[in-house]
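Subject: Structure handover

Hello,

Here is the structure for you to look at. My notes follow below it.

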Amino acid sequence: MPIPNIPVVFTLFSPPKFRPNPVPISEQLNLTYKISKDTNVTIKLMDVLGNEVTTFLPSEHKTAGEWAHSFPIPSQLNSGMSYFVEIIAGKEIIVKRISII
């Protein structure tokens, strides 16, 4: 359940900025998010069973504002498979599905 005082806007895209569902990713994951209050942020990659594959960003304190990150996609991921990017900002958790191409 979202916490009203820490809204997070989460955008996930692969160049060029087209966003079908799931988002196709090949070599690099580009994401942006906006937080309205200083908080800790963690970004993880999960498999379809909910197992953590990797942590892109360990818990890191971020100030309010818009943030952008680029992460290399781990080479051991299977092409054609779906994975989930989980962003945790304070007590809010947002999950987006991506597909490795």
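Start at the hairpin of E4 and E5. Five residues lie between these two strands, and Gly50 takes a positive phi near 90 degrees there. Please keep in mind that this is a predicted model.

The E4 and E5 strands pair in the antiparallel sense, over seven bridges. Within that pairing, Lys44 stands opposite Thr55 in E5.

E4 also pairs with E7. Six bridges join E4 to E7, and the two run antiparallel. Lys44 comes up again here: its bridge partner in E7 is Glu86.

Now the overall layout. The protein chain has eight strands and zero helices. Read from the N terminus, the elements run β-β-β-β-β-β-β-β. The chain has 101 residues, and 42% of them count as buried. Its accessible surface comes to about 5800 Å², with 54% of that belonging to carbon and sulfur atoms. Take the contacts between residues at least 6 apart in sequence: 57% of them join residues at least 24 apart.

Next, the core. In soluble globular proteins, nonpolar side chains tend to be buried together. Here the largest nonpolar core has 20 residues. Leu29, Tyr33, Val41 and Ile43 have the most contacts inside it. Five strands each supply at least two residues of this core: E3 (28-35), E4 (39-46), E5 (52-62), E7 (82-89) and E8 (92-100).

What does Ile43 touch, leaving aside its neighbours within four places in sequence? Its contacts include Leu31 and Tyr33. Thr55, Phe56 and Leu57 are also among them.

The structure holds one aromatic pair. The ring centres of Phe56 and Phe71 are 4.8 Å apart and their planes are at 20 degrees, so the pair is stacked. The pair links distant parts of the chain: Phe56 is in strand E5 and Phe71 is in strand E6 (residues 65-72), 15 residues apart. Both Phe56 and Phe71 are buried.

The charged end of Lys62 sits over the ring of Trp67, 4.1 Å from the ring centre.

On to E7. This strand is mostly covered: seven of its eight residues are buried. E7 pairs with E8 in the antiparallel sense, over eight bridges. Their hairpin has two residues between the strands, and Gly90 takes a positive phi near 65 degrees in it.

Last, Ser82. This residue is in strand E7. Ser82 stands opposite Ser99 in E8. Is Ser82 buried or exposed? Its relative accessible area is 18%, so Ser82 is buried, given that buried means under 20%. The C-alpha atoms of Ser82 and Ile101 are separated by 9.5 Å, and the two residues are 19 apart along the chain.

If you open the model, I would go through it in this order: the E4 and E5 hairpin, then the core around Ile43, then the Phe56 and Phe71 pair, then Ser82 in E7.

Best wishes

Technical notes:
Residues are numbered from 1 along each chain as its sequence is written. This is a predicted model: local features need pLDDT of at least 70, side-chain atom pairs count only at pLDDT 80 or more; totals for chains, interfaces and linings use all residues. Side-chain values use heavy atoms; hydrogens and water are left out. Helices (H or I, at least four residues) and strands (E, at least two) are DSSP runs, numbered from the N terminus. Buried means under 20% relative accessible area, exposed over 50%, partly exposed in between (1.4 Å probe, protein chains only). Contact means heavy atoms within 4.5 Å. Accessible areas come from the Shrake-Rupley method with a 1.4 Å probe; for residues, only the protein chains shown count as cover. A nonpolar core is a set of buried Ala, Val, Leu, Ile, Met, Phe, Trp, Tyr and Cys residues joined through side-chain atoms within 4.5 Å. Two strands pair if DSSP finds at least two bridges between them. Rings of Phe, Tyr and Trp (its six-membered ring) pair if their centres lie within 6.5 Å; planes under 30 degrees apart count as stacked, over 60 as edge-to-face and the rest as tilted. A charge sits over a ring if NZ of Lys or CZ of Arg is within 6 Å of the ring centre and within 35 degrees of the ring normal.
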